[in-house]
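This note is meant for a colleague meeting the structure for the first time. Please read the points below alongside the sequence and the model.

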Amino acid sequence: VQLQAYGGGLVQAGGSLRLSCAASGRTFSPSGMAWFRQVPGKEREFVAAVAMSARMTSYADSVKGRFTISRDIAKSQVFLQMNGLKPEDTAVYFCAARGGPRMILSGMSAQTSYPYWGQGTLVTVSS
């Protein structure tokens, strides 16, 4: 399974970016996909997650109301629309995915729920 994330870049505070991630693999059909982010020297943290077959999403408190996660089931893709960006959103953003049974809400924010990870895309928000 391979995950390819793209869409990062440099944006001014208050601006928007849209991240995309595609999962590929001969027989892989993700049951859930998520975004995490990491600042150098800090722990990787949860941003948002979506269940692929259910209308279920989860967001970190720090991004609620500003970020929106969506998915394209047919293409095994997940998107993160980021609006109202702040300098503290600056980080490397990682896409993650899992297969298997449908996700439960309590597990959506846990890194251990996702065995597959992409390389990350850098988002820099200038003040």
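1. A disulfide is taken here as a pair of cysteine sulfur atoms within 2.5 Å. The model is predicted, and by this rule it has 1 disulfide. Cys21 and Cys95 form the bond, with an S to S distance of 2.0 Å. The bond connects distant parts of the chain, since Cys21 belongs to strand β3 (residues 17–24) and Cys95 to strand β9 (residues 91–98), 74 residues apart. The torsion about the S-S bond is about -85°, so the disulfide of Cys21 and Cys95 is left-handed. Both Cys21 and Cys95 are buried.

2. Strand β9, which carries Cys95, deserves a point of its own. Of its 8 residues, 7 are buried, so β9 is largely enclosed by the rest of the structure. Which strands does β9 pair with in the antiparallel sense? One of them is β4 (residues 32–38), joined to β9 over 7 bridges; in this pairing Gly32 has Arg98 of β9 as its bridge partner. Another is β11 (residues 121–126), which runs antiparallel to β9 with 3 bridges, and here Val92 stands opposite Leu122. A further antiparallel pairing, over 2 bridges, is made with β10 (residues 116–117), where Tyr116 is the bridge partner of Ala97.

3. The aromatic rings form 4 pairs. In one of them, Phe28 and Tyr116 have ring centres 5.2 Å apart and planes at 70°; because this angle is over 60 degrees, the pair is edge-to-face. Phe28 is in the loop between β3 and β4, whereas Tyr116 is in strand β10, so the pair ties together parts 88 residues apart in sequence. Phe28 counts as buried at 16% relative accessibility, while Tyr116 counts as partly exposed at 31%.

4. The rings of Phe36 and Phe46 also make an edge-to-face pair, with centres 5.6 Å apart and planes at 70°. Phe36 lies in strand β4 and Phe46 in strand β5 (residues 45–51), 10 residues apart. Phe36 is buried at 0% relative accessibility, and Phe46 is buried with a relative accessible area of 13%. Through ring pairs, Phe36 and Phe46 belong to a cluster with Tyr114 and Trp117.

5. The loop between β7 (67–72) and β8 (77–82) contains Lys75 and Ser76. Are these residues buried or exposed? Lys75 has a relative accessible area of 56%, which is over 50%, and is therefore exposed. Ser76 has 9% relative accessibility, which is under 20%, and therefore counts as buried. The C-alpha atom of Lys75 is separated by 8.0 Å from that of Ala23, a residue 52 positions apart along the chain.

6. Most residues other than glycine have a negative phi. Phi of Ser76, in contrast, is near 50°, a positive value in a residue other than glycine.

Conventions:
Residues numbered from 1 in each chain as written. Predicted model: local features only at pLDDT ≥ 70, side-chain atom pairs only at ≥ 80, totals over all residues. Heavy atoms only, no water. Helix = DSSP H or I, 4+ residues; strand = E, 2+ residues; numbered from the N terminus. Buried < 20%, exposed > 50% of the residue type's maximum accessible area, 1.4 Å probe, protein only. Pairing = 2+ DSSP bridges. Phe/Tyr/Trp six-rings, centres within 6.5 Å; stacked < 30°, edge-to-face > 60°.
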